[in-house]
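Student: Hi! I'd like to talk through a structure with you. Could you put it up and take me through it?

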Amino acid sequence: MTDIQELLLSRIRDVADYPEPGVMFKDITPLLADPAAFTALTDALAEIAEGTGATKVVGLEARGFILGAPVAVRAGIGFIPVRKAGKLPGATLAQAYDLEYGSAEIEVHAEDLTAEDRVLVVDDVLATGGTAEASVQLIRRAGAEVAGLAVLMELGFLSGRARLEPSLNGAPLEALLTV
């Protein structure tokens, strides 16, 4: 394990039985509260953005906003929020996707992405991969290229990577931590 992985992991708190019994929630708020850890995380994700040649970062609601915006600033590129349906004003492009029990929809302002853009999707956790997969579809429908996906933490036991990799078409999927 690298020094940065040890630092990041040491600042993630396990919360048992949240949001429901039997779930071990990975709380990143202690990491965000630690300026050294948050800076290290931002630097690592910005390095991934630069390595992919990304021109924009898409952050997935809501923790992807917290991580993605400083990454975009650090990398000197634009930031685009992908939000839950109904949260963005004006014309949007929407993508529906299935959840374990039901479905959901995300939206983006399509005019914020162009055919010249290479987009890195940033989020805190890769779990089942549903939201990330929908964001990849949304980015392509907006006419932009997917440069990759970067997350703080991958929950390997939920097999999100296996679901997501075919839709990435060879673009990298980078997880700083795998638990």
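Tutor: Happy to. One term to begin with: buried means under 20% relative accessible area, exposed over 50%, and partly exposed in between, with a 1.4 Å probe and protein chains only. Please note that this is a predicted model, in which local features need pLDDT of at least 70, side-chain atom pairs count only at pLDDT 80 or more, and totals for chains, interfaces and linings use all residues. Residues are numbered from 1 along each chain as its sequence is written, and side-chain values use heavy atoms, with hydrogens and water left out.

Student: Great. How many salt bridges are there in the whole structure?

Tutor: A search finds 11. The criterion is a side-chain nitrogen of Lys or Arg within 4 Å of a carboxyl oxygen of Asp or Glu.

Student: Which residue does R83 meet in a salt bridge?

Tutor: R83 pairs with E61, at 2.9 Å from N to O. R83 sits in strand β4 (residues 78-84), while E61 is in the loop between β3 (56-60) and α4, 22 residues apart, so this pair links distant parts of the chain. Helices (H or I, at least four residues) and strands (E, at least two) are DSSP runs, numbered from the N terminus.

Student: And is R83 buried, exposed or partly exposed?

Tutor: Partly exposed, with a relative accessible area of 23%. E61 is partly exposed too, at 22%.

Student: What about D124, which residue forms a salt bridge with it?

Tutor: That's R63, with the closest N and O atoms 2.4 Å apart. D124 belongs to strand β7 and R63 to helix α4, 61 residues apart, and again distant parts of the chain are linked. D124 counts as buried at 4% relative accessibility, whereas R63 is partly exposed at 36%.

Student: How far apart are R161 and E165 in helix α6?

Tutor: They are 4 residues apart, which means a separation of about one helical turn. Their salt bridge has its closest N and O atoms 3.4 Å apart. Salt bridges that share partners also join E154, R161 and E165 into one network.

Student: Switching to strands: how does β7 run relative to β8, parallel or antiparallel?

Tutor: Parallel, with 8 bridges joining β7 to β8. Two strands pair if DSSP finds at least two bridges between them. V121 stands opposite L149 in β8. From β7 the chain crosses through helix α5 (residues 130-141) to β8, in a right-handed β-α-β crossover. Right-handed here means that, with the strands pointing away from the viewer, the path from the first strand over the helix to the second runs clockwise.

Student: And β9, how many bridges pair it with β8?

Tutor: 5, in the parallel sense. L149 has L173 as its bridge partner in β9. The crossover from β8 through helix α6 (residues 160-168) to β9 is right-handed.

Student: How many residues of β8 are buried?

Tutor: 9 of its 10, so β8 is mostly covered.

Student: Last topic: which residues touch the most other members of the largest nonpolar core?

Tutor: L41, L45 and L152, out of 27 residues. Such a core is a set of buried Ala, Val, Leu, Ile, Met, Phe, Trp, Tyr and Cys residues joined through side-chain atoms within 4.5 Å. The largest share, 7 residues, comes from α3.

Student: What does L41 touch?

Tutor: Not counting residues up to four places away in sequence, L41 touches I4, L8, L31, L67, L152 and L176, where contact means heavy atoms within 4.5 Å. Apart from this core lies another, of 26 residues, among them I106, A142, L149 and L168.
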